[in-house]
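Here is a short briefing to read with the structure open beside you. Take a look around first, and then we can go through a few contacts together.

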Amino acid sequence: MKITNNIVESHGLKLEEYSKIKQLLSREPNYLELGIFSAMWNEHCSYKSSKIHLKKLPIKNKNVIQGPGENAGVIDIGDDDAIVFKIESHNHPSYIEPYQGAATGVGGILRDVFTMGARPIALLNSIHFGDPKHKKTKNLLNGVVSGIGGYGNCIGVPTIAGETKFNSTYNENILVNAMAVGWVNKKKIFYSKAKGINKSVVYVGSKTGRDGIHGASMASAEFDENSEDKKPTVQVGDPFTEKLLMEACLELMKKDSIISIQDMGAAGLTSSSVEMAHKGDLGIELDLDKIPCREEKMTPYEMMLSESQERMLIILEDGKEDEAKNIFQKWDLDFVVIGKTTELKNLSLKFKKETVATIPIEALSSKAPLYDRKWVKTKFNKNKIKVKDLKKIKFEEAFLKILSSPNHSSKKWVTEQYDQMVMGDTIQRSGSNAGIIKIHNKDKAIAVTVDSSANYCKSHPLIGGKQIVCESWRNLISVGAKPIAITNCLNFGNPENPEIMGEFAENILGMKQACEFLDFPVVSGNVSFYNGTNKNNIYPTPVIGGVGLIKNLNKIFNHHFKKIDSNVLVIGKTFGHLEQSVFINQLYNLNEGMPPEVNLLNEKNNGEMILKLINAGLINSIHDISTGGIILALAEMSISSQIGVKINKPKKLSNLSEYFFGEDQSRYLIEVDKSNYSKIERLFKDNNIYFDNIGITQKEYFELDKELKISVKELYDINNKWYKQFNGTDC
Amino acid sequence: MKFAVIITLKKDVLDPQGKVIEQTLEGMGVNNLKNLRQGKYIEIELNELDEKKAYSAVEDMCKKLLVNLIIEEYKIKKI
Amino acid sequence: MNSSVIVFPGSNCDRDIATALTKLQFKNNMVWHKENELPKSDLIVIPGGFSYGDYLRSGAIAAKSNILKEVIKASKSGCLVLGICNGFQILIETGLLQGALLRNKNLKFISKDIHLKIINNSNKFCKNYKKNGIISLNIAHNEGNYFTQKDHLKELEDNELIPFKYCSENGLINESSNPNGSLENIAGILNDKKNILGMMPHPERMIDNLISNEDGIELFTSILS
C-alpha cells in the first residue's frame, strides 16, 4: 500500500514526523511499520511533549529503589519489604464505554504492579465527572464506579481510598485515574530490561483480538463530535483471566527463570517488545504466526497494535521453558515462545515465512521525537474578594449547602460498591484522610492517598502544583504515617496550545518545589494530554498518589472524634483565604482570584509537629483541613464519630465566613485530652507553631456559638442525601 | 404483538463469559465445540397492531436502552 | 482439628480464611480444585471470591469441579462444610444447600459492615454465640439475595436451620436492616443434618480488632469445641 499524507495523518503523525521516519529508515516504511511508529511515537508512549519538563522533578531519596521509567516505582520500607506503586489514566476509553473503560484501567495498573513481582495489596482511584446536571454525567458516573468495582472486587484486591469529584470542565471529558500498590520482597523485584542474546521471548495470558486497535493514539488526540461514532473496538476487561495471570506470574517469579518481564499495555505487543529490547540494548525477532489469536485472519498490523488485555511478554533463561509452561497451563493460560532476542538491534517481524517489518529499536525509542513546545505563563487574576461586598448568606445555610453538595457529600454510595476488606489487611477504609493497609504478617503498615485540586491549579498552576503535593503529604501525616514518595497522573489539555503547555510547565515547577522541600520524590507516573473537546480544554488536573510508612501499629489515627469533653485545636494559621474556595465557587459562582499560597516551611514544621505529638501519644484524632475549611473538617469529624462539638468563635475573628470557610494551607484539626492541653501548648510555643483552641467535643450537637446548632444525626443525613436524590436509589 | 430481542457481543469483542463456559464444557468432555458466545434474550409484548410500527418501536428500545451499541449487536424477531 | 480450604481459579478469600484458620489453631491444607482426593479433614471451607469470574451464574462452574464430588462424599459422612459468600453460592449450585441466591435488590455490589442476630445457636458452627446476640460482620457480594420456596422456608424455621439474620444495630429485623433483599433477612442457612453452613457475611474478616472487630472468632471456636 502506498503511504499517502492522509494515511500518515490518520495515524496521528505529523508530516514532519513522517519525514523523520523515512530518514531514520533510509526508505519509506510499509503500512505495518507506519502503524508501529505511530504507536511508539504518540504522546502516550513517547512522552514527547512532557519529557523535558518531567526531568525537573526529583526522583530520588534514601528510600527509592526504582524511580520513573519502569512499569512502576519502588520504595524501600525497611527489612526486606518494598512497595511498588503507580497511577495511570484511562480517561478517553472511559468516556466512550464507562464500565469497560474504567475496568480495563484498573486491570492495566494492576499489571504494572505485579509485572514487577509485587502482589497488589491496594487499589485507589481518582475520578472526575462533569456537572451532575449534564445529561451524560449519571450514566458515566454509574458505569465508571461499577467498572472499577467489577474489576477490583473480582480479582480480589481491596479498593481502599479515592476521590469522586464533579466540575463542568469535565462535561465532555471525564477523568478516570487508577492507582495500584503492591508489596514485594526487595530481593525479588523484576524489571523489563532484556539481557542476553538468543533468549526465548514468551507470550503469556489471553489471546490477541482486534481490541482497541490504536487505543494509544486515541488517548493522544482530542475528541471531536464524531469521536463517539468512530469508536474503535472497545477493550473488554476480563478480571478473572487477570487473576489467573497474576497468580501464574507470581508463581513463576518464585523460581529463577525470568530474565525480564513486561506487560502489554497501550500499544500492546509493539511497545512491550520495543521497551524490553531498548532497555537491554539488543534486538527482538518475533514470529507472528505463533501469536495466539482470538479471531481468524488477523493481520500483522492488527496483532502488533491490538490492545487486548491481560497479556504479558517474558524473556526466559535458557532451558526454563517447560517449567514455566507447566505453571501457565495449570492456570489455563496461553504460553507460547514467539521469538528471541537478537544481537542486531532491530524489531524484526516475520509472518508466513517472510520478513514483514524491520525497524531499528532506537528509531522507536531514543530517536522518537522530543518537543520543547512553546509555552506561555498563565495570566493570573489577582482580584481580592471582600466578603462584605457579597450578598449575605446565613452561615448555617452556607454550611449545609456545602455539606450536602455533590463534591462534599458522603461518598459511601461509591465506596460501598468496592470490596475494601478482601485480603484481610485493611486497617483504614475509604472516607478518612488516607487508606491504611497492613503488610501481611508484619508489624507495619502503609498509608495511601490520592488527591487533586483542579481549581487551584487552573487559577495558578505553580501554587496548585505545590499545594497538591502538600495535600498528599498532609493526608499521610494525618493518619500517623511518615510520607515517603508519590506517583503522579498529569491530566491536561492540548499541549500544542501554548497556554496549556504553560499550565503544564508551571505546574511541574510547583510540584518540584514541594517535592524537594519535603523530600517526597516522584517515583512513577503518567501524562494524559489532549483532555478536552473542540478546543475546550479541561482544567489542569494533576492527581497525586502518596505513600507513607507506619512503623508502629499502635500509633494509627483517623479523623473520628474519640470522646466527649476533649479540646479541639486548629494547628496552623488561619488568614481566611476565600479566593478559589468552595465557599466562593459554589455559593457565589465566582471563579476569581488566586488560590491560597503554600508556605513550605510551615507545611513541614506543622506536619512534623503532628508526628511528634502522635509519637508522644498526645492526640486522640486528627483531620487535615482542606476544601470547605475548618467547618467542613469539623463536621466530618463529628459525622464519622457521632460525637458533637461546641465551637467557639476565636477572639480576634475578623469575619465568621473567612475564618470557618477559608482554605489556608498547612492546617490540621486535632482532638486532645484536656489533661494534655498545657503540655501541648508548651510544645507549640517552644516550636513556633501557631494554633487556635476552638472548641470542646460534646454529646449529640454540632454547635457554633449562636450561628448553628444541629444534631449530629441530622448532619449525617444531610451529608448522605445527595446521591439518593440524584440517582433515585439508596445505594 | 410479541417480539424477541437477542443481544450478543459484537463479533470482535472479547466475551470472557463465553470463553470460560466453552473451556468448562470442553473440560466436561464435549469435544466438538467450535465456538460459544454468550448473550441476552428479551421478550417484549406491545399494544400495537401495526407490525412495522411495533418493530420500529422495539428497535428504538434497543438503541436507547437495551443494547450497548458500542460492544453489542442485536436481532429482533417477531414471535 | 484438620481443615481444608478448596481453591478454585478466581477464589480470592482463600488466603484470608487460611490466615483465620491458622490463627485459631486449625491444621489447614489448601486443596486445588483439580485434585481428586481430599486430605483428612474435620472441616472443609469453600471460600469467597469470584470462582470462574462468576461467569454463567455465580458458583455454577465451580460446582462441576472434580473436588466437589469429594466434598459431597465427605459431607454425607458428617464432615463439617462451611461455604462463605461465593462458597455459599457454590454449595447452592451443587445442591448441598437449597434455595437460590439472586442479585442484590439494588442491583449493585454491596460491601459494608452489617449486623446479624444469632437466631439459632444449637448447631456446631454457632454454639459459642449467644442466642439473640448481635454481631457485626462484613459483606461483599453481588448476589446474596436469598430466596427459597415456602415449604422449604418453613422447614428452615421449624428445624432451627437459620443461624443468622440481618438486623439493625439494635437487633431489629426489618426491611431497612436488610442489605440485599434476602427473604426474611436470612444471611445464612444450614442443611437438615446441620453439618453444612452457607453464609454470605465473612467471619474470617472479623478476627482482629486492629482491622475490624473479633465477632467472627466464635464461629471458628464453636467448630473447635
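Does α18(A) pass α19(A) in a right-handed or a left-handed crossing? The crossing of α18(A) with α19(A) is right-handed. Please keep in mind that this is a predicted model.

**Two helices of chain A**

- Helix α18 of chain A covers residues 461–477, helix α19 of chain A covers residues 498–518, and the two pack at an angle of about 40° with their axes 6 Å apart.
- α18(A) and α19(A) are therefore oblique to each other.
- On the α18(A) side, the residues making the contact include Pro461(A), Leu462(A), Val469(A), Cys470(A) and Trp473(A).
- On the α19(A) side, they include Leu509(A), Met511(A), Ala514(A), Cys515(A) and Leu518(A).
- Sorted by class, the contact of α18(A) with α19(A) comprises 10 nonpolar, five polar and three charged residues.

**Chain C with chain A**

- Here 27 residues of chain C touch 35 residues of chain A.
- About 2600 Å² is buried between chain C and chain A, with 56% of it on carbon and sulfur atoms.
- Four salt bridges are found across the interface of chain C and chain A.
- A salt bridge also joins the side chains of Asp332(A) and Lys34(C), at 3.8 Å from N to O.

**Chain B with chain C**

- Chain B brings seven residues to the contact, and chain C brings five residues.
- Chain B and chain C bury about 540 Å² between them, 82% of it on carbon and sulfur atoms.

Conventions:
Residues numbered from 1 in each chain as written. Chains lettered and ligands numbered in written order. Predicted model: local features only at pLDDT ≥ 70, side-chain atom pairs only at ≥ 80, totals over all residues. Heavy atoms only, no water. Axes fitted to C-alpha atoms, helices over the stretch in contact; angles between N-to-C directions. Helix = DSSP H or I, 4+ residues; strand = E, 2+ residues; numbered from the N terminus. Parallel < 35°, antiparallel > 145°, perpendicular 65-115°, else oblique. Left-handed = near helix turned anticlockwise from the far one by under 90°. Contact = heavy atoms within 4.5 Å. Nonpolar A, V, L, I, M, F, W, Y, C, P; charged D, E, K, R; others polar. Buried area = accessible area lost by both parts, 1.4 Å probe.
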